[in-house]
Amino acid sequence: MKSKSPSPSPSPSFIRRIVDFDTAISLRLYTLTHPILPYYFLKTLEISGDGFLFFPLILSLLLYPLAFSDSTTANIFLINLLLGGILDLIVIGPLKHLIRRPRPVYNKNMFVSFSVDHWSFPSGHSSRVSMIATLFYLSFDFIKQVLIQLKYDLFVDYLILIVIGWSITTSCSRVLLGRHFVFDVIAGVMLGVLEGMFVFWIFNYVTLTSFFT
């Protein structure tokens, strides 16, 4: 009696192949750059895009009576940055909880603030810094006027390049630090840009409403 040949194993699904590719290329990037880039530099970028720094900084500028007391536009911009940060939490937290993609196995020395921080997709740091950079880019004419009025115009022409460069570098550092996979960061950047555009629409609406009332 002939023995039955084993049935061929099913080919991996399209999503599985994408995840495997993402995992492999992320590990490759981490392995190539890990011995080169200093840890303290990547860690500084991580701290600069953390919500524990972002929210206190924005609230401090809003509540400090001498910061932008004579500039309604600046205060509206700060409020919209705050709204963008809150919107980012509302969007990213549930997505992480719903998708539940584990972080890279080589992720080390990470401080977890909330339970959803155990999950990797999408990258909250990338979405937050991209939201900030998008708001700065779209609102740059307003920001430039405010800085010139406050006599903080020394680097005003380079400010947008600095913010965008910081956003891109911080997003890339999430992979190089081993916190996220490449697709986590790409998704985070895309969501952050959409959040910034949405909040900018609110910024324009509030500014125009204030002007005509």
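In which helix does Ile143 lie? I looked it up in this predicted model: Ile143 lies in helix α6.

**Ile143.** Ile143 has a relative accessible area of 9%, so I noted it as buried. Leaving out residues up to four places away in sequence, I found Ile143 touching Phe77, Phe136 and Leu159. I also looked at Ile160. It is 17 residues from Ile143 in sequence, and the C-alpha atoms are 9.8 Å apart.

**Core.** I turned to the largest nonpolar core, which has 20 residues. Phe54, Phe77 and Phe136 are among those with the most contacts inside it. Helices α3, α4, α5, α6, α7 and α8 each give two or more residues to this core. I noted that α5 gives the most, with five residues. I then listed the contacts of Phe54, again skipping residues up to four places away: Leu81, Gly85, Arg128, Met131 and Ile132.

**Salt bridges.** I searched the whole structure and found six salt bridges. Arg16 and Asp20 form one of them, at 3.1 Å, N to O. Both lie in helix α1, four residues apart, about one turn of the helix. Arg16 is partly exposed at 41%, and Asp20 is partly exposed at 39%.

Arg174 pairs with Glu46, with the closest N and O atoms 2.9 Å apart. This pair links helix α7 to helix α2, 128 residues apart. I found Arg174 buried at 1% and Glu46 buried at 6%.

Arg101 pairs with Asp184, at 3.0 Å between the closest N and O atoms. Arg101 sits in the loop between α4 and α5, and Asp184 in helix α8. Asp184 is buried, with a relative accessible area of 0%.

Notes. Residues are numbered from 1 along each chain as its sequence is written. This is a predicted model: local features need pLDDT of at least 70, side-chain atom pairs count only at pLDDT 80 or more; totals for chains, interfaces and linings use all residues. Side-chain values use heavy atoms; hydrogens and water are left out. A nonpolar core is a set of buried Ala, Val, Leu, Ile, Met, Phe, Trp, Tyr and Cys residues joined through side-chain atoms within 4.5 Å. Buried means under 20% relative accessible area, exposed over 50%, partly exposed in between (1.4 Å probe, protein chains only). Contact means heavy atoms within 4.5 Å. A salt bridge is a side-chain nitrogen of Lys or Arg within 4 Å of a carboxyl oxygen of Asp or Glu.
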